[in-house]
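Hi everyone, thanks for coming. Please take a look at the structure on the screen, and then I'll walk you through a few of its charged pairs.

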Amino acid sequence: MIPGQIPRAQFRNTLMYRVNADLQVGVEYNPLAPDVGPLLNWRVVREGDDRPAVIVGTSSDRIGTPSGRAYYLTVSKSLGEGVGLYVGASYSGFEKKLLIPAGVSLQFDEQWSSLLVYDGVNFHPMVTHTWDRYGLTLLLANLKYPGISISLGF
């Protein structure tokens, strides 16, 4: 939920199913838009000591776009000590152009983490607290709109 944002970003709902350790499929529903679309996240190459992970997928376009799908390729690598980096290429169906997203993940302990996301246009810092199979994320979309994400694994 991101109050004050455009309708599609104000109340986003996703349901994902983990087919195996490398493939997740799902659906996204944005009731205020209204907008329904597929979600896919496939880790094509697993990270190794000398190689990054490679992930491809699709989702709704970036936060702040009123419509469109994004198709992405991401390369990520853990640097150890709870720090990870990623960079990618994402085709924006709304803007009809290629964007270069990047970010940093920080794992502070087993319950606290942060994700600093640049979506190719705007910056969105997040902090997450997890316990058992629940997660609560606070975010600042476009460094302007505070939001919250609640997750449940089952």
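**Salt bridges in the chain**

Let's start with R62, which counts as buried at 15% relative accessibility; buried means under 20% relative accessible area, exposed over 50%, and partly exposed in between, with a 1.4 Å probe and protein chains only. Before going on: this is a predicted model, where local features need pLDDT of at least 70 and side-chain atom pairs count only at pLDDT 80 or more, while totals for chains, interfaces and linings use all residues. Residues are numbered from 1 along each chain as its sequence is written, and side-chain values use heavy atoms, leaving out hydrogens and water.

Which residue forms a salt bridge with R62? That is E95, with the closest N and O atoms 3.0 Å apart. A salt bridge here is a side-chain nitrogen of Lys or Arg within 4 Å of a carboxyl oxygen of Asp or Glu. E95 lies in the loop between β6 and β7, and R62 in the loop between β4 and β5, so the pair ties together parts 33 residues apart in sequence. Strands are DSSP runs of E, at least two residues, and helices are runs of H or I, at least four, numbered from the N terminus. E95 itself is partly exposed, at 26%.

By this rule, the count comes to six salt bridges. Another one joins the side chains of R8 and D35, at 3.5 Å from N to O. Here R8 sits in helix α1 and D35 in strand β3, 27 residues apart. R8 is buried, at 1% relative accessibility.

Finally, D22, R43 and R46 are linked in a network of salt bridges.
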